[in-house]
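Here is a walk through one protein model, written for someone meeting it now. Keep the picture beside the text and follow along.

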Amino acid sequence: MAGLTESRALPKDLTHVLDILNCKNLDPTAVVLEPLPPFANGDVEVGVMKKMKTTENGEREIVLGRNIHSSCLDITEPEDNDELTGDKEAYMASVLARYRQSLLERTKYHLGYPYNLDFDYGALNQLQHFSINNLGDPFIESNYGVHSRQFEVGVLDWFARLWEIEKDEYWGYITNCGTEGNLHGILVGREVFPDGILYASKESHYSLFKAARMYRMDCIKIETLLSGEVDCADFKAKLLKNKDKPAIVNVNIGTTVKGAVDDLDLVIQTLEECGFPHNRFYIHCDGALFGLMLPFVKKAPQVTFKKPIGSVSVSGHKFVGCPMPCGVQITRMEHINTLSSNVEYLASRDATIMGSRNGHAPIFLWYTLNRKGYRGFQKEVQKCLRNAHYLKDRLREVGISAMLNELSSTVVFERPLDEEFIRRWQLACQGNIAHVVVMPNITIDKLESFLDELVEKRSTWFKDGTNKPPCVASDIGQENCVCPMHK
């Protein structure tokens, strides 16, 4: 190792790592912290291949641009003497150690996106040495033997009980993400009703409209109430104009921005009042986050297959806290035969969208469901709702417009003026509003730190009267707006 620092020039920040390597042990925690990526000047946001511009009417617009990176970790060919010098291994160890520290730092300021970061899967490290792939149908074993179908089916049965459908009446699978669950649910609806029209509220997740484009479906957007919930009066009017076509309806169990829960019973009632019998409509419930929270909220309307719905999907990396993107999709067995086909080289059938599926994800989900159970999730839901109400009340106390839907842990408030502050706390924004999604890992202390910093920043944004807090009455209602006009 004596020649380690002499073979070729390395970045200065590797000096400390190489000193460590000259000893026997590499201590990743000894590597300097990775600083936050620099914030770009002007309206350009680098590293994500886009830039922001403001239109004449004040709206923010994302403009696709050239492939611009603020940083890039190049892949280089190993040199002939790398095995002797260990330079390459030292470089990669440094990169990974600094990246880990960067993740630790960014996790401290994670508020705007619905990911539960409170998990410990150390017991599953022993399985990372295996390439686990759940090819094809979860209920039909294929020729590929390194799979986790037994875990997958156990997870699916758990969700089937949650949503009240018998084992022999459902079909489902662990998806690669929440969007895939929506794509599959809408695809099943389209296969059941090839000439059907997709109805989705304008505050539905963008994946619903992606599905409509992919499947070349007619899609009608439904207006929403201020809460973000679907406006069933508008839904009724649009249904009556298209009574000759079956209805494929997306029902949101928690909208993306406001966390609003559509009234499933009212949606079904509206369909029936418009003359649509149960064999003329298909309902997909997008429960990405709240689909797993709602069953544990007292007196909340329930999503259940005892009602005339066709499918439900949730994300596994959100409330459950799986460390890799995944989801659960459940539909009725009677619908799936139109999608399923034989795959001879697998010796199985397949009705999924993706062929190969992450075989590790079902194990992570199975592990968490076993550890927490229904009671564990109920406690976490209560904690999230309690902390969400705390945040909403504290925002109002310090004079910030804020809204919280009754069945939600998503706190909506006026958009901060400082884009760097938004980026630091990783807030999700739309127009003049932003939101914090209170998840199990969000503590009161973290909320207080956020509030303290926000209050301090606002004192500089509005100190000379040039800038004023925005009016968000049109977004969250006059009763929730405390701008100068509505105080």
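Two strands count as paired if DSSP finds at least two bridges between them. Helices (H or I, at least four residues) and strands (E, at least two) are DSSP runs, numbered from the N terminus. This is a predicted model, in which local features need pLDDT of at least 70 and side-chain atom pairs count only at pLDDT 80 or more, while totals for chains, interfaces and linings use all residues. Residues are numbered from 1 along each chain as its sequence is written, and side-chain values use heavy atoms, with hydrogens and water left out.

## The seven-stranded sheet

Let's start with an open sheet of 7 strands, in the order β4-β10-β9-β8-β7-β5-β6, with mixed pairing. At its edges are β4 (170-175) and β6 (219-222), each of which pairs on one side only. On average, neighbouring strands are turned by 15 degrees against each other, direction ignored. (Axes are lines fitted to C-alpha atoms, for helices over the stretch in contact, and angles run from 0 to 180 degrees between N-to-C directions.)

| Strands | Bridges | Residue pair |
|---|---|---|
| β5 and β7 | 3 bridges | Ile197 and Ala247 |
| β7 and β8 | 6 bridges | Val249 and Ile283 |
| β8 and β9 | 3 bridges | His284 and Ser311 |

Is β7 enclosed or open? 6 of the 6 residues of β7 are buried, so this strand is largely enclosed by the rest of the structure. Buried means under 20% relative accessible area, exposed over 50%, and partly exposed in between (1.4 Å probe, protein chains only). In a regular strand the side chains alternate between the two faces of the sheet. Both faces of β7 are covered: Ala247, Val249 and Val251 are buried on one side, and Ile248, Asn250 and Asn252 on the other.

Helix α5 (residues 178-192) packs on this sheet and touches β4, β5 (197-201), β7 (247-252), β8, β9 and β10 (327-332). Its direction makes about 175 degrees with that of β8. Contact here means heavy atoms within 4.5 Å.

Over in strand β4 sits Thr175, which is buried, with a relative accessible area of 2%. Its side chain reaches the backbone oxygen of Cys177 at 2.8 Å. That is a polar contact, meaning a pair of N or O atoms within 3.5 Å; within protein, one must be able to donate a hydrogen and the other to accept it, and residues adjacent in sequence count only if both atoms are side-chain atoms. Not counting residues up to four places away in sequence, Thr175 also touches Glu180, Gly181, Cys326, Gly327, Val328 and Gln329.

## The four-stranded sheet

Next comes an open sheet of 4 strands, ordered β13-β14-β16-β15 and paired antiparallel. β13 (402-404) and β15 (428-430) stand at the edges with a single partner strand each, so one side of each is left without a neighbour in the sheet. The twist averages 25 degrees from one strand to the next.

β13 is joined by 3 bridges to β14 (residues 410-414), and Ala402 stands opposite Phe413 in β14. Helix α10 lies across β13, β14 and β16 (433-437), running at about 160 degrees to β13.

## Cores and a helix

A nonpolar core is a set of buried Ala, Val, Leu, Ile, Met, Phe, Trp, Tyr and Cys residues joined through side-chain atoms within 4.5 Å. Which residues have the most contacts inside the largest core? They are Phe159, Leu271, Ile283 and Phe413, in a core of 91 residues. Helix α10 (residues 360-397) gives the largest share of this core, 13 residues. Phe159 touches Leu292, Val314, Val328 and Leu369, leaving out residues up to four places away in sequence. A second, separate core has 18 residues, including Val188, Leu208, Met217 and Tyr282.

Helix α3 (residues 87-107) has 21 residues and reaches 30 Å from its first C-alpha to its last, close to the 30 Å expected at 1.5 Å a residue. That expected span is 1.5 Å times one less than the number of residues. Among the buried residues of α3 are Asp87, Lys88, Val95 and Arg106.

## Two loop residues

Lys299 has a positive phi of about 65 degrees although it is not a glycine. Lys299 lies in the loop between β8 and β9 and is exposed, with a relative accessible area of 87%. Gln426, also not a glycine, has a positive phi of about 55 degrees. Gln426 is found in the loop between α11 (419-424) and β15, and is buried, at 19% relative accessible area.
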